Amino acid sequence: MTSKESRNGTARLVLLIAALSACVGAPEPRRAQAAAAPQKPLPSRPQPTTNSWPIRQVANPPLPYQDIDQRETPPPALVNVVRNLGQSFRGKVGIAVRRIGSDWTVAWNGNALFPQQSVSKLWVSMTFLDAVDRGKLRLTDTTTITRNDLTLFHQPTAVLVAQKGGWTTSYSDLMRRAMTQSDNTANDTMLRAVGGPDAVRGFLARRMIKDIRFGPGERLLQSATAGLDWRQDYSIGRNFYAARAKLPMSVRVKALDNYLANPPDGAAPASIVQALAKLKEGDMLSSASSRLLLSIMSEAKTGPQRIKGGVPPGWSYLHKTGTGQDLPPRSTGFNDIGIMTAPDGTSYAVAVMIGSTTVSIPERWALMQGVAKAIAANHEKR
């Protein structure tokens, strides 16, 4: 891509985001019929659905765009904005928006697999809560984390472990740390408790969620992505970064290319929003566990300028972010997935997955915020 083409692409994206901002004003008053409509109660026990979402591809699409719809039709303007945002972005991106309680999903690259990174923590928490629902585990159970349990990258629990040589806490606390702070050690500790990666894969299969892979855990995933074989001393201080920096650049490039070409933690945006919709509707977990997890997601501290930055006043947004490794000029796995809810109670599941890009962080924020603004701007046009 030439520098002129790059400037033109960026200019188109900026103009598109500006237009969306002009469309989103103060939230309209709640519709009378929406206020009067009874809320669908969550089932007392999880009831897996028997139908997988059918996808109707646009006939001979000239671009990697899918408009997934059945009995209802998405707002045409939302369809156009999602297409334009995906087309204008300089990098590989997947976008999916699903109105919860409806039959349509609008997506760009919706069926392609994108690296999830910490988005996958959502599936660990779901699997743990499913075990709680089945009486196999309790949130009040405690566990002790030692230096041998530490992982790498973002792990605030490492400070507590280092201070005492070991740290005991409840799984309830670990879930909050994993979901709101994206603590890798907290997440991997929960993963071991539920039975490892196979347990998560089995849970997703039982809930009939396709095209969401689950990797081998943070330590093995991140070391392989960097071109290293895991060693436990990498979890201490800057050891991992130092070992990674000593690798020949050709080794690092090949390892990252291999990861992006076939991510072991890859997921399709359309599948992610399907799972989010089922969580909101009570089809993934019991009613109590569903409410708990959604509440925890609403407390997330990460990614305030991603999708959340475009959510207008009066709306709510609960979510989970993910961020992968950088190998300049490339950044990978820059993600945000969650549920936007309008003042009238209508909810939308949304996923924006940036697999690989060289654009700045503010440009990535602009893309994600543009999706949120488009959802809000077209909410009353459905």
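This is a predicted model: local features need pLDDT of at least 70, side-chain atom pairs count only at pLDDT 80 or more; totals for chains, interfaces and linings use all residues.
**Entry 1: Lys121**

I started with Lys121, which lies in helix H4, residues 121-133. Is Lys121 buried or exposed? I found a relative accessibility of 0%, so Lys121 counts as buried. The cut-off for buried is under 20%.

Next I looked up what Lys121 touches. Leaving out residues up to four places away in sequence, I listed Ala178, Met179, Ser182, Asp183, Asn184, Asn187, Glu218 and Lys320. I also checked Lys121 against Asp188. In sequence they are 67 residues apart. In space their C-alpha atoms are 8.9 Å apart.

**Entry 2**

For two packed helices, one gives the angle between their axes and the distance between the axes.

I took H4 with helix H7, residues 184-194. The angle is about 40°, and the axes are 9 Å apart. Because of that angle, H4 is oblique to H7. The crossing of H4 and H7 is left-handed.

Which residues meet here? From H4 I wrote down Lys121, Val124, Ser125, Thr127 and Phe128. From H7 I wrote down Asn184, Asn187, Met190, Leu191, Ala193 and Val194. I sorted the contact of H4 with H7 by class: six nonpolar, four polar and one charged.

**Entry 2: H4 against H8**

I then turned to helix H8, residues 197-206. H4 and H8 pack at about 80°, with axes 9 Å apart. The range for roughly perpendicular is 65 to 115 degrees. H4 is therefore roughly perpendicular to H8.

On the H4 side I found Trp123, Val124, Met126, Thr127 and Asp130. On the H8 side I found Ala199, Val200, Phe203, Leu204 and Arg206. By class, the contact of H4 with H8 has seven nonpolar, one polar and two charged residues.

**Entry 3: salt bridges**

I moved on to charges. Side chains of opposite charge can pair when their charged atoms come close. How many salt bridges does the structure hold? I got 12.

I looked up Glu363 and Arg90. Their side chains meet in a salt bridge, 3.1 Å from N to O. This pair links distant parts of the chain, 273 residues apart. Glu363 sits in helix H14, residues 361-377. Arg90 sits in the loop between helix H3 (76-88) and strand E2 (91-99). I noted both Glu363 and Arg90 as buried.

Then I looked up Arg138 and Asp141. Their salt bridge is 3.0 Å, N to O. Arg138 has a relative accessible area of 54%, so I noted Arg138 as exposed.

I came back to H7 through Arg192. Asp149 forms a salt bridge with Arg192, and their closest N and O atoms are 3.4 Å apart. The pair links distant parts of the chain, 43 residues apart. I placed Asp149 in the loop between strand E5 (142-145) and helix H5 (157-164), and Arg192 in helix H7.

Are the two partners buried or exposed? Asp149 has a relative accessible area of 16%, so Asp149 is buried. Arg192 has 39%, so Arg192 is partly exposed.

How values were computed:
Residues are numbered from 1 along each chain as its sequence is written. Side-chain values use heavy atoms; hydrogens and water are left out. Helices (H or I, at least four residues) and strands (E, at least two) are DSSP runs, numbered from the N terminus. Buried means under 20% relative accessible area, exposed over 50%, partly exposed in between (1.4 Å probe, protein chains only). Contact means heavy atoms within 4.5 Å. Axes are lines fitted to C-alpha atoms, for helices over the stretch in contact, and angles run from 0 to 180 degrees between N-to-C directions. Angles under 35 degrees count as roughly parallel, over 145 as roughly antiparallel, 65 to 115 as roughly perpendicular and the rest as oblique. A crossing is left-handed if the near helix is turned anticlockwise from the far one by less than a right angle, and right-handed if clockwise. Ala, Val, Leu, Ile, Met, Phe, Trp, Tyr, Cys and Pro count as nonpolar, Asp, Glu, Lys and Arg as charged, and the others, Gly among them, as polar. A salt bridge is a side-chain nitrogen of Lys or Arg within 4 Å of a carboxyl oxygen of Asp or Glu.
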